[in-house]
Amino acid sequence: MASNPPGACCASGFKHEGTPIGETKSIGGTETYIVYPKGNQSPEKAVIILSDIFGIYVNAQLLADEYAENGYLAIIPDLFHGDPIKLSDMESGKADLPAWLPNHQSAVVDPVVEASIKYLRQEVGVKRIGAVGYCFGGKYVCRFLKPGKVDVGYTAHPSFVTEEELAAIAGPLSICAAEIDNIFTTPLRHKSEEILIKTGNPWQINLYSGVTHGFAVRADLSNKHHKFAKEQAFCQAVTWFGQYL
């Protein structure tokens, strides 16, 4: 694998404070958070945020709002059909990933991503789509980085990505990695570099010191270094999209 299956570190982190500015609507029968860039109701570029195991929650929504502030229509589809890991279970340590994961495999998630892409291209008229994958969502960035699907990809501390999925990408991919990560380990990061070189696509892996898996979306913002790393990870994504999207 290019990254290991989700583990206990995927169900840890911090809830962020803020008031999301977007709206939630049904797209193809899937609950979706959507936020437009200010003053632009007909954007040509969009970002699909493929979430971690907590789905549509305040941390992800605030990130979507930030992508919109940078000029992109941003959406977060509910990859889990109303069954994300609950924040209360994360906070109490009761999140049961082994029981949850079998119900949320590619056969269930892929159609949600497909419907989101179709909505953006056919109903909104978006010309270019970027995909952002946090943890769980990183797998689907790789699976859909194909002609006519997603044009440009970014993933932070991805999980569950197979070598075959990474080798099959057909567009620019940027990866944000944590120094301390049992999922996207140092050997797997180096293996990913070997695979990405062979794809012939533009790629990038940025490594952030002193942070753990999940920091780009669930960092402890009271920790100055963790806050800085999270912000730089977001800048990495926006800079990548500015170049290739």
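A residue is called buried when its relative accessible area is under 20%, exposed when that area is over 50%, and partly exposed in between, as computed with a 1.4 Å probe on protein chains only. The model on your screen is a predicted one, in which local features need pLDDT of at least 70 and side-chain atom pairs count only at pLDDT 80 or more, while totals for chains, interfaces and linings use all residues. Residues are numbered from 1 along each chain as its sequence is written, and side-chain values use heavy atoms, with hydrogens and water left out.

**Stop 1: helix H4**

Select residues 106–124, which form helix H4, and begin with Ser106, which lies in this helix. Helices (H or I, at least four residues) and strands (E, at least two) are DSSP runs, numbered from the N terminus. Ser106 has a relative accessibility of 16% and therefore counts as buried. If you leave aside the neighbours within four places in sequence, Ser106 is in contact (heavy atoms within 4.5 Å) with Pro111, Lys139, Tyr140 and Arg143.

Next, select Ala115, which is also found in H4. Is Ala115 buried or partly exposed? Its relative accessibility is 26%, so Ala115 counts as partly exposed.

Not counting residues up to four places away in sequence, Ile117 touches Ile48, Ile129, Phe144, Gly148, Lys149 and Val150. Between the C-alpha atoms of Ile117 and Ala131, which are 14 residues apart along the chain, the separation is 9.8 Å.

**Stop 2: Tyr33 in strand S2**

Select residues 30–35, which make up strand S2, and pick out Tyr33 within them. With a relative accessible area of 1%, Tyr33 is buried. Which side chain makes a polar contact with the side chain of Tyr33? The partner is the side chain of Asp65, at 2.7 Å. A polar contact is a pair of N or O atoms within 3.5 Å; within protein, one atom must be able to donate a hydrogen and the other to accept it, and residues adjacent in sequence count only if both atoms are side-chain atoms. Beyond its neighbours within four places in sequence, Tyr33 is in contact with several residues, including Pro20, Ile56, Gln61, Ala64 and Ile76. For a distance to check in the viewer, take Tyr33 and Ala46, which are 13 residues apart in sequence and 13 Å apart in space, C-alpha to C-alpha.

**Stop 3: helices H1 and H9**

Select residues 58–69 for helix H1 and residues 224–244 for helix H9, which pack at an angle of about 40° with their axes 11 Å apart. Axes are lines fitted to C-alpha atoms, for helices over the stretch in contact, and angles run from 0 to 180 degrees between N-to-C directions. The contact is made by Leu63, Glu66 and Tyr67 of H1 and by Lys230, Phe234, Ala237, Val238 and Phe241 of H9.

The C-alpha atoms of Gly71 and Asn206 are separated by 23 Å, and the two residues are 135 residues apart along the chain.

**Stop 4: two loops with positive phi**

Most residues other than glycine have a negative phi, and most peptide bonds are trans. Select His81, found in the loop between strand S4 (73–77) and helix H2 (87–92), where phi is near 50°, a positive value in a residue other than glycine.

End with His157, whose place is in the loop between strand S6 (152–156) and helix H6 (163–167). The phi of His157 is likewise positive, near 35°. With 0% relative accessibility, His157 counts as buried. Show the side chain of His157 and look for its polar atoms: one lies 3.3 Å from the backbone nitrogen of Phe215, and the backbone nitrogen of Ala216 lies 3.1 Å from a polar atom of this side chain. Not counting residues up to four places away in sequence, His157 also touches other residues, among them Tyr134, Cys135, Cys176, Asp181 and His213.
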